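The model comes first, then the pairs.

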Amino acid sequence: MGIFSRLSDLLKSNINDLIDRAEDPEKMVKQVIIDMQTELTKATQNYGKAKASERMAEKKYLEAKKISESWEAKAKAALSQGNQELAKQALAKKVKADEDVISYKDMYESISDQTEAIGNQVEVLKSKLEDAKSRQAMLIARSQMAETKKNLAKAAGGFDESSSYEKFQRMEDKINRKEAEADAFSEIAGADEDVIDSFAQIETDAKVDAELQRLMAEMGAAATADAE
């Protein structure tokens, strides 16, 4: 039977294997279900057609049986009246009807077997589809969780030199260097201020000494004048 040829992967393969090979597992899960639903619809339609053919073949078979039985009844009626020639003619018709019975019976049984096989395949596909639907949410959740874990592992492990954490570390190092430079400049600037302060103190001391000498001189002169 060729109606399920496009579903061979879905019926024979594990759905997880198909998802593992997909670039986007979530889309693959949804697409698998859509494809299976589409094929189930087609298979159900074909099954309906097969059942219709089966009923037609059965009808032909039963009609042929009735015709055979009818000719046999007529032959018996002719014999009961002592008319063997008419009975033979009726039996000739019955022999032809019996051939049709065998032909239609074979056709009916063949179509019935094929219809049953199609029906079994439809049930298998229904089971697969229900299984896929029941596992859809779980598979999507597992896919999202795996993607999240992978991204977290990349962020924590620094697989990418431009990761956020490494950028943060480089920024911290840069700030540390700037702070060290600022401290160094502050120390240099502080040393310069000490030198300036030293010179200023020397100048102040010189002025104080000059004033001291002036006062001492003035006071010495005044003491001399009082002594005279």
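## A pair in helix 4

K126 forms a salt bridge with E123, with 3.7 Å between the closest N and O atoms; the term salt bridge is used for a side-chain nitrogen of Lys or Arg within 4 Å of a carboxyl oxygen of Asp or Glu. K126 and E123 are three residues apart in helix 4, about one turn of the helix. Helices here are DSSP runs (H or I, at least four residues), numbered from the N terminus.

K126 is partly exposed at 37% relative accessible area, and E123 is partly exposed at 47%. Buried means under 20% relative accessible area, exposed over 50%, and partly exposed in between (1.4 Å probe, protein chains only).

## About the model

This is a predicted model, in which local features need pLDDT of at least 70, side-chain atom pairs count only at pLDDT 80 or more, and totals for chains, interfaces and linings use all residues. Residues are numbered from 1 along each chain as its sequence is written, and side-chain values use heavy atoms, leaving out hydrogens and water.

## Other bridges

The whole structure holds seven salt bridges. One of them joins K94 and D98 at 2.8 Å, N to O, and these two residues of helix 4 are four residues apart. K94 counts as buried at 15% relative accessibility, whereas D98 is partly exposed at 25%. A network of salt bridges links E72, K76, K94 and D98.

K96 and D100 also meet in a salt bridge, at 3.2 Å, N to O. K96 is partly exposed at 46%, as is D100 at 27%.
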